[in-house]
Amino acid sequence: MAKTAFPVRADVVIIGGGIVGCSIAYHLTKIGIRNVVVLERKQLTSGTTWHAAGLVGQLRATRNLTELAKYTADLFEGLEKETGQATGFKQNGSISLALTDGRMEELLRGASMAKNFGLEVDVIGLDEIKRRIPHYNLDNVKGGVFLPKDGQVNPIDVTQALAAGARSRGAKVFENTKVTRILTAKGKAAGVETTAGTIKADKVVLATGMWSRELGKSVGVSIPLHACEHFYIVSEPIDALPRNMPVVRVADECTYYKEDAGKLMVGAFEPKAKPWGGGGIDDEHAFVTLPEDMDHFEPILANAINRVPLLETAGIQLFFNGPESFTPDVRYYLGEAPEVKNLFMATGFNSIGIQSSGGAGLVLSQWIKNGHPPMDVNGMDIRRIHPFQSNSNYIRERVSESLGLLYAMHWPYRQAETSRGVRRSPFYTQTKALGAVFGEVNGYERPNWYGRDGVKPEYEYSYGRQNWFACAQYEADRLKNDVVFFDQSSFCKFLVEGKDALKHLNRICANDIDVAKGKVVYTQWLNERGGIEADLTVTRLGERKFMVVSGSATQTRDLTWLRRNIPDGANCTVTDISSGLPMLSLMGPKSRALLRKLSGEDLSNAAFPFATSREIEIGCAMVRATRLTYVGELGWELYMPAEFSEHVLETILKAGVEFALAPAGMHSMNNARMEKGYRHWGHDIADEDTPLEAGLGFGVAWDKKGGFIGQKALAKQRKLKLLAKRMVAIALKDTSNNAPMMYHEEPVYRNGVIVGSTTSGAWGHRIGRSLALAYVKNADGVTKEWLDSGTWEVELAWKRHAADVQLQPFYDPRGERIKT
């Protein structure tokens with residue numbers, strides 16, 4: 001067979017020949033992009049894929065992630081027939097066991113969520129568990145969940161099958177070809193240099209696993225990941241082991257079990273992992289195993305022998321320890337790098353690369369072809385991270401926790417425990433002294449709640465009312481009746497300036513920002529399909545000067561979208577001023593009186609109407625006061641240069657005594673915005689949702705001069721008489737102290753049929769009800785009449801609960817408290 005000539009040109013170069021890299025090549029060639037080159041530094045699968053356990057689970061945390069996992073299972077099922085290459089795929093299902101009440105509720109909530117996704121799932125009791133896995137000790141087991149379509153594969157065989165499929169349609173795969181340099185030109189990826197020659201390319205993909213961080217760093221791209229040691233054992237053959245045994249997960253003991261050719265594999269995701277490779281990974285690394293560490297693994301093994309007594313007399317054929325890469329939030333990276341155009345990521349798979357490979361290949365191939373993902377993938381989009389997270393000290397410490405989070409309890413409001421205290425507000429010391437209990441978003445410490453009345457200032461997690469519930473109730477009472485302050489310094493702020501600033505920013509915004517100086521505009525940024533890319537405010541500071549304010553988690557994403565939609569050569573600059581401009585907000589009916597005392601200004605509706613911004617004096621500082629709210633009460637956001645921040649808060653606290661001023665945290669802000677039905681980007685709205693579907697059409701300037709991105713698609717939807725999908729507000733009818741909490745992705749029923757799912761939820765402390773937002777669908781249109789004529793329920797942990805459903809919010813639907 002003639003040797004394939006090394007190419008000098010490709011449409012797409014994929015760096016990395018593991019299962020994900022080969023899946024991307026497979027899917028690219030399937031959609032017509034066939035000049036694809038895969039470059040593997042050693043041999044296919046030699047990095048991490050070769051030693052993966054090969055588990056194929058389908059239930060993930062969101063609808064789209066679950067759809068992608070389902071797609072992967074379907075792909076594996078037909079791959080052998082398509083390519084002629086064996087894959088070892090079999091579907092014996094999986095069983096997850098619960099040893100605690102908390103874990104059982106987690107499994108039940110997941111089972112309800114699976115229904116919502118159309119995924120086959122059974123909640124099973126001890127008798128059924130014993131029937132399916134009779135060789136297991138069920139001491140302390142509360143119950144379990146069975147997913148019959150879950151399975152397992154041979155990772156090496158699947159990778160070879162994907163590579164074969166790609167080759168059959170024209171892709172070229174080169175082994176023992178190391179990429180020595182990524183080529184860039186004018187801020188775009190332009191190809192690669194390798195040990196075999198240079199290839200020019202339109203697009204470059206990094207599917208390089210634990211090598212990705214250093215490779216990205218070489219071209220100024222932040223890819224926060226780090227390898228950890230991952231352990232498993234394989235027993236000697238066990239005659240009594242059923243060959244059709246489902247995969248079994250006992251997360252409370254950190255273990256998973258898989259039958260493998262008559263042997264039992266036992267793997268672990270222990271709470272405290274061992275980071276590896278911080279000093280760099282050897283160039284010759286291939287099919288590498290790391291030293292055994294029985295002391296580290298012994299507690300896992302002891303639990304396994306107790307759980308599966310057959311192991312007590314079976315020998316250990318293999319003790320394996322190999323490196324796998326993990327990310328700070330235990331979610332992988334997909335998408336185009338914000339720093340370099342045409343450079344795409346598919347890396348950091350956190351031990352779920354096999355079950356994610358098909359979906360990742362499907363999404364990224366279409367993203368490369370069409371310029372946007374085929375679905376909402378914000379939870380995986382690399383634009384979610386902050387560049388500092390690539391810091392070696394930060395990422396090494398964080399991944400020691402990340403590995404264990406795969407099997408840890410996924411409590412609501414759970415906070416990271418490692419790499420804390422990294423990004424601090426200028427108000428950090430002051431709020432801490434007031435009893436703040438901090439949460440973390442992209443490394444930013446934010447007061448989530450304030451301990452008081454003897455409540456211990458640390459989290460005690462549950463799926464019900466957590467220990468901070470009473471503290472949040474106090475904050476809500478002060479918010480409703482008096483005045484509170486929030487530290488919102490973590491919100492991102494961008495300064496947009498220049499002769500062309502209005503022209504280009506107004507095109508990016510769906511609303512009209514050509515307003516008078518000192519006015520504030522609430523708007524969305526849309527994509528060409530009418531989907532919401534960002535949800536934010538724009539303040540006009542001058543004729544050629546604007547300030548954009550958005551949330552904390554979207555800082556990198558929003559900045560990238562803004563800059564990439566301003567044409568090259570435009571007289572328009574964008575500056576991220578987030579770090580230099582901290583922000584406090586004063587919210588509540590007494591906020592006007594407090595701010596009047598502080599500033600001496602006339603803050604009446606006539607002098608300072610809603611959506612107005614101007615500078616005022618507080619103490620010896622000049623502060624920009626902006627009349628807005630995200631909590632449904634009268635209030636102002638206060639922006640000041642960082643060096644004045646402590647002085648400003650000291651002054652506010654001193655003056656606030658007579659107004660019963662209290663600090664309030666981000667949990668109270670979230671609870672309050674839920675009562676008002678305010679949308680949150682990433683939960684309630686994203687790039688698949690339009691403003692019309694989300695109930696945000698009031699923020700669209702349909703006829704403004706110059707139009708806006710996405711106008712054509714949105715205008716087409718506007719012409720429809722009725723919308724088949726709309727966002728609604730939900731409140732459970734149960735108002736007792738035992739009313740369950742809604743969080744996300746719970747099935748919503750109308751007349752006994754699932755018609756939608758929740759997007760976010762919280763307790764409404766001002767109205768005393770369990771609340772959520774949700775999208776519901778009806779082919780004949782979602783109308784008030786359709787909503788009112790139905791009987792509504794929400795399923796939580798395998799039980800349905802009666803609910804009220806409406807289009808308007810449950811708290812102050814007319815907005816009277818905001819504009820008093």
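Which helices each supply at least two residues of the lining of the second largest pocket? In this predicted model, they are α8, spanning 353-370, and α13, spanning 555-564. The pocket in question has a volume of about 620 Å³. Its lining is made up of 25 residues, and those nearest the centre are Glu336, Gly371, His372, Trp561 and Arg564. By type, twelve of the lining residues are charged, seven are polar and six are nonpolar.

α13 gives the most to this lining, with four residues. The helix is also largely enclosed by the rest of the structure, because eight of its ten residues are buried, that is, under 20% relative accessible area. The buried residues of α13 are Gln555, Thr556, Arg557, Asp558, Leu559, Thr560, Trp561 and Leu562.

The largest nonpolar core holds 47 residues, of which Ile14, Phe76, Leu334 and Leu364 touch the most other members. At least two residues of this core come from each of α8, the helices α1 (19-30), α2 (63-83) and α5 (155-168), and the strands β1 (9-15), β2 (36-39) and β19 (343-347). The largest share, seven residues, is supplied by α1.

Phe76 shows some of the packing in detail. Leaving aside residues up to four places away in sequence, Phe76 touches Ile19, Val56, Thr87, Phe89, Val153, Val158, Ile354 and Ser357.

Terms used
Residues are numbered from 1 along each chain as its sequence is written. This is a predicted model: local features need pLDDT of at least 70, side-chain atom pairs count only at pLDDT 80 or more; totals for chains, interfaces and linings use all residues. Side-chain values use heavy atoms; hydrogens and water are left out. On a 1 Å grid over the protein atoms alone, a cavity is a set of points where a 1.4 Å probe fits but cannot get out, and a pocket is an open set with protein on both sides within 12 Å along at least five of seven lines; lining residues have an atom within 4 Å of a point. Grid points are joined across faces, edges and corners, and a volume is the space filled by probe spheres set on the points. Ala, Val, Leu, Ile, Met, Phe, Trp, Tyr, Cys and Pro count as nonpolar, Asp, Glu, Lys and Arg as charged, and the others, Gly among them, as polar. Buried means under 20% relative accessible area, exposed over 50%, partly exposed in between (1.4 Å probe, protein chains only). A nonpolar core is a set of buried Ala, Val, Leu, Ile, Met, Phe, Trp, Tyr and Cys residues joined through side-chain atoms within 4.5 Å. Contact means heavy atoms within 4.5 Å.
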